[in-house]
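Okay, thanks everyone for coming.

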Amino acid sequence: MASVEEDFPRGGTAKKPTESKIVVQRPEVDNLFQVVFKIYISFLFLANEKWNVKEGMLMLGCVKEVRDFEVTVSLPCGLQGFLGIKNISDSYTKLLVEQLDSADTEICSLTHLFCPGMVLRCVVVKLDITKGGSISIQLSVNPKLVNKALTSSSLKAGMVLSGCVESVEDHGCIIDIGINGSKAFLPKKAIKDKHNLKVGQYVTSQVEAIKSDGRVIQLSVNPLTIAQACAESGQGWNLTNLLPGLLVRATIKKVTKHGLVLDFLSSFSGQVDFLHMEPNQTSSYTEGTKVRACVLYVEPSTHLVGLSLRSYLVQARTRVETTPAGGDRIGEVVKDCKMITMHHMSGAMLELPDKTLAFVHRNHLKEPNEQANENRVAAIPEHTCRILDFSPMDQIHFVSLRRSLIEKQFYRYHDLQAGQVVEGTVSDLLNHGMVVHLSDHIKGLVPRTHLSDIILKNPEKKYTEGMKVKCRVLSVDAENKKLYLTRKKALVESSLPLFLCYTDAHPGRVSHGYIVCIKDFGCIVRFYNDVKGLVPLGELSFEPVINPEEVFYVGQVLKTKVLQCDPQKARMMLSFKAALEGETEQATKPQFDCEVGMARVLKKSVNNLEVTILPDEMRAVLPTVHLSDHTSNCPLLWESLQEGDNISNLVCFNKNKQNIKSRETLTKKPTVRWSLDEGVVAKDFSEIRVGMQLIGWIKNIMSYGVFVEFPYGLVGLAPKAAMTDKFLGDTTTAFKLGQTIIAKVTNLDEEKHRFLVTLKMSEVISPEGDAQTRLINGLQERRAVAEMLALRDTSDLRQQLAALSVGQKLKLTVDAAKDIGVTFKSDDLVGATIQASKHHVMGVNLTSGQKVTAVVLHVDILSTCVHVSLLSKLVAKKKSVSVTLVNLMCQLVLF
């Protein structure tokens, strides 16, 4: 079959011999059906007929939904457009710009300017292609675009125009009607509700008087006169400036089962498709009948005019109902529907059991991969359909006969309940979480803290657009279309009872919950639908917990047992300890998937901590170099720990069997823990590939290179030439034992099970922002340990050293100047060694006994040493985050 353009050629325009007006060429009677049908296809379901709607096209629309920055607009024939905040009017845009410059400027969002049901004159300003390949219609109500074809000389009394409030004056409002050389004024006496008019507000008005040769236009907004006002031939309307929303007197020229052809304004022709014929008056439409019609759209390049005979547009024109009389039925599956008419190449009309009419587009008469057979569909006596949408502009439901849609489990937010396990597709990664689509109409947010059992620094490494994921519903607000999901494995796979409301939380029941807040008095745990409770300090563990933040972390999933619950007051008392008491001991040791969690220190040695994993009391080893990603912090952390202390956030890195065996080796390195949790590891040599990046640590330093150890006992060699980008004379100067690194596999020896890696920064891709984040975390970690050491050591000096912070300024006295640097004395830090390297006293002349001001770079509590700087660029600056980061960088370079 030929294309639609070939089957239904567009009609041209011609002038009458005795008139100068532009008119539509009258089609022959045999082609009337084709012209009417072509108009219908040109608009119905834009996603399938992309070539029809063009930029600059004028259309009548109805506000469907209003948000702060965008308005969803229902357009004729089931189309939908979007009106952005920058496409309202010039005066409103100017007000937005002023808002950016002054916090005192008061501005109204779009929710104050528009409301559902408002009828608008719109112009198509842009056609965007969405990710799914469909077209998004971007609209504007800017009077300069809508009334572009009008001039001050073409204005006549009685015309109905649209505009936006430009300014609110003492005696009325200046209305922007977009016509150069004309100033439109709406007197105060004509405005009934004076307090609601704001700059940018859309106004439908009628020209009452024209003064000063069209320079001054007086308007009125009487709804009764506007509703009755008809466009007249004497007002000078033509196909260039004809506007949607105008009411016209018309004569029916031709009647077909697919629509009507009308004559109006003496010399124009327009078409009415079957969706815009009054359903209960179909039999009264005969040739020669006089009717009143509303202009729906005008296609400027071809001068095609669409009209409507529906009473809600002809009689009111300023507001329509956005929901049907039966309420919101979107998503509903309806049985026993009868097909009353089939419109070939467009779709069919259905009658629902309650006599409501609905339209099914031709693409929804069949499955996407099925061959079209409209005769077979029409022969079926009764159909089952699913309601897809309601068009306020057409006042009709759009439905589908596709089995795949009818049988779809989730079509609307009302179909979802908290606690359900669902599958969806990743569509977008945001700073605050991940958007997952469960269907074309339903999307949910996985908050950043719920992307995994631990917080991911770089979620883009684990999730990609289009990936299928399994989630569990945390909460759903169907009315506001808000859905929150979780990807935490412990919650998604939990088989314990779910607490969806407080009445579900009977005392004695055990369920999985996640920590949302840690206080001195305990932990607050949340379940589903905002059900939450408190685990007091005494119920956190069998062992005494002094500081819960050292043992637990926000987002951690744990089993909790209900001790008390008051549903009326929405209060609940929980216990971690009691939940563990009720578990039956297994004959075999528990399954282990890298996660350990918490352990208690049994014994300290120089290089290791002997620990027991809680609550199973299994022995393990925690090497000192595995206490932190920062090797300089490891001795501090080792010093701060005592026998009997609990250590949290641990993971086993040398697991090669399903069960934990005695003397397993643990790590607390956050980067290694992340790689295990995210699966950025190779569990066996067979999984290693050239080009793969792995997280590991320096195991041994040799003259010819360094050995790098990875989780699951894998070890690779970084040759001397592959350690750094610069020439390296001594391998011991580049790295330290236990240092966390990112390595890239370069060579594999499959026969000997050996592999080489590179540590060069130019060849290894480090996550964006990872270095800065690790620096900040290292400084915060050092600070926390220093405070802990000060608490446990009551000596005045350690207390004073712990109180110092990077970037703090000190008053010092020069003690001695040497080639390697300068030492100082301080009356406040008696017994401490205070020194500055030669790089940090450059350009400063110092003599013994001289008083100076220095900035703290680093505090080593163990050696009671303070490193400072006298550089003017650091001393002169106020202490800030940026200075702290600079000093931290200097600190790590130094040490």
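What does Arg67 touch, leaving out residues up to four places away in sequence? The answer is Leu110 and Thr111. There's also Ile85, 18 residues away from Arg67 in sequence, with the two C-alpha atoms 9.6 Å apart in space. And before I go further, please keep in mind that this is a predicted model.

Zooming out for a moment. The chain carries 16 helices and 47 strands. It runs to 895 residues, and 49% of them count as buried. If you take the contacts between residues at least 6 apart in sequence, 61% of those join residues at least 24 apart.

β16 spans residues 290–299 and is mostly covered, with 8 of its 10 residues buried. Which way does β13 pair with β16, parallel or antiparallel? Antiparallel: strand β13, residues 247–256, pairs with β16 over 5 bridges. There you'll see Ala250 standing opposite Val291 of β16. Then there's β17, residues 304–308, also joined to β16 by 5 bridges and running antiparallel to it. In that pairing, Cys294 faces Ser308 of β17. β16 and β17 make a hairpin, with 4 residues between them. One of the turn residues, His303, has a positive phi of about 60 degrees.

Next, the barrel. It's a closed one of 5 strands, in the order β8-β9-β10-β12-β11, and the pairing is mixed. From one strand to the next, the twist averages 50 degrees. To pick out one piece, β9 (residues 172–176) and β10 (residues 183–187) run antiparallel and are joined by 4 bridges. Within that piece, Cys173 stands opposite Leu186 in β10.

On to a couple of helices. How many of the 9 residues in α12 are buried? It's 7, so the helix, residues 670–678, is mostly covered. The buried set is Thr671, Val672, Arg673, Trp674, Ser675, Leu676 and Glu678.

Helix α14, residues 796–803, is another one to look at, and its buried residues are Leu797, Arg798, Leu801 and Ala802. Looking down the axis of α14, those buried residues fall within an arc of 130 degrees, so they line one face of the helix. Over on the other side of α14, Asp796 and Ala803 are exposed.

Last topic, the aromatics. A pair of rings is described by the distance of the centres and the angle of the planes. Counting pairs whose centres lie within 6.5 Å, we get 8 aromatic pairs. Take Phe552 and Phe576: their ring centres are 5.5 Å apart and the planes sit at 45 degrees, so this pair is tilted. Why do I say that the pair ties together parts that are 24 residues apart in sequence? Because Phe552 is in the loop between β30 (532–536) and β31 (557–566), whereas Phe576 is in the loop between β32 (571–575) and α10 (577–581). Phe552 and Phe576 are both buried.

Then there's Tyr704 with Phe707: here the centres are 6.3 Å apart and the planes are at 90 degrees, so we call it edge-to-face. Tyr704 is partly exposed, with a relative accessible area of 43%, and Phe707 is partly exposed too, at 26%.

Two more for your list. Phe274, Phe359 and Phe398 are linked into a cluster by ring pairs. And Lys604 lies over the face of Trp638, 3.9 Å from the ring centre.

Definitions and conventions. Residues are numbered from 1 along each chain as its sequence is written. This is a predicted model: local features need pLDDT of at least 70, side-chain atom pairs count only at pLDDT 80 or more; totals for chains, interfaces and linings use all residues. Side-chain values use heavy atoms; hydrogens and water are left out. Rings of Phe, Tyr and Trp (its six-membered ring) pair if their centres lie within 6.5 Å; planes under 30 degrees apart count as stacked, over 60 as edge-to-face and the rest as tilted. Helices (H or I, at least four residues) and strands (E, at least two) are DSSP runs, numbered from the N terminus. Buried means under 20% relative accessible area, exposed over 50%, partly exposed in between (1.4 Å probe, protein chains only). A charge sits over a ring if NZ of Lys or CZ of Arg is within 6 Å of the ring centre and within 35 degrees of the ring normal. Two strands pair if DSSP finds at least two bridges between them. Axes are lines fitted to C-alpha atoms, for helices over the stretch in contact, and angles run from 0 to 180 degrees between N-to-C directions. The arc is that of the directions from the helix axis to the C-beta atoms. Contact means heavy atoms within 4.5 Å.
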